[in-house]
Amino acid sequence: MKKYILALFAVFILGACSSKVGFAGKTYILQNAMEPAKVIIGFDANEPKFYGSVVNRYFGGYSINGSNISLQPEGATMMMGPEAEMKAEAEWLQYLLQITEYTLKGNELILKTKTGKEFLLKETSVED
């Protein structure tokens, strides 16, 4: 009986460890952003939450099912900025709602919309 309980405990612990996605605790910068915007997105290390900035700061939650991802933006600050950066920010925030899939390749995160548009993000040390 003791072996059975230890085996069950080990499976539980391994399962809990493997449920963390590879981008958790990391920050990325969008590579194909409209110039001169610097689009940042980061993922909490412990909870399914994301945060980021362009001109304003934004945040929300996400859910994962295999390689499918659903981002649920929850809020953003509302400051004014340069027109080109504000336009890039508005487009990015709209695309966040459409992202349905992700792929990790080394230090690159690719987010893909349901229409096939891809966003290439590279891991960065820049914090939001």
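The legends below describe several views of a predicted protein model.

Residues are numbered from 1 along each chain as its sequence is written. Because the model is predicted, local features need a pLDDT of at least 70 and side-chain atom pairs count only at pLDDT 80 or more, while totals for chains, interfaces and linings use all residues, and side-chain values use heavy atoms, with hydrogens and water left out.

**View 1. The aromatic pair of Phe 23 and Phe 43.** Eight aromatic pairs are found in a search of the whole structure, a pair being rings of Phe, Tyr and Trp (its six-membered ring) with centres within 6.5 Å, called stacked if the planes are under 30 degrees apart, edge-to-face if over 60, and tilted for the rest. The ring centres of Phe 23 and Phe 43 lie 4.4 Å apart with 55 degrees between the planes, so this pair is tilted. It links distant parts of the chain, since Phe 23 is in the loop between helix H1 (2–18) and strand S1 (27–30) and Phe 43 is in strand S2 (residues 40–43), 20 residues apart. Both Phe 23 and Phe 43 are buried.

**View 2. Tyr 28 beside Phe 43, and the aromatic cluster.** Tyr 28 and Phe 43 form an edge-to-face pair, 6.3 Å centre to centre and with 70 degrees between the planes. This pair joins strand S1, which holds Tyr 28, to strand S2, which holds Phe 43, across 15 residues. One aromatic cluster is formed by Phe 23, Tyr 28, Phe 43, Tyr 62 and Tyr 102.

**View 3. Val 39 in the loop between S1 and S2.** Val 39 has 1% relative accessibility and therefore counts as buried. Leaving aside neighbours within four places in sequence, Val 39 is in contact (heavy atoms within 4.5 Å) with several residues, among them Tyr 28, Val 54 and Trp 92. Val 39 and Val 54 are 15 residues apart in sequence, yet 4.8 Å apart in space, C-alpha to C-alpha.

Conventions:
Helix = DSSP H or I, 4+ residues; strand = E, 2+ residues; numbered from the N terminus. Buried < 20%, exposed > 50% of the residue type's maximum accessible area, 1.4 Å probe, protein only.
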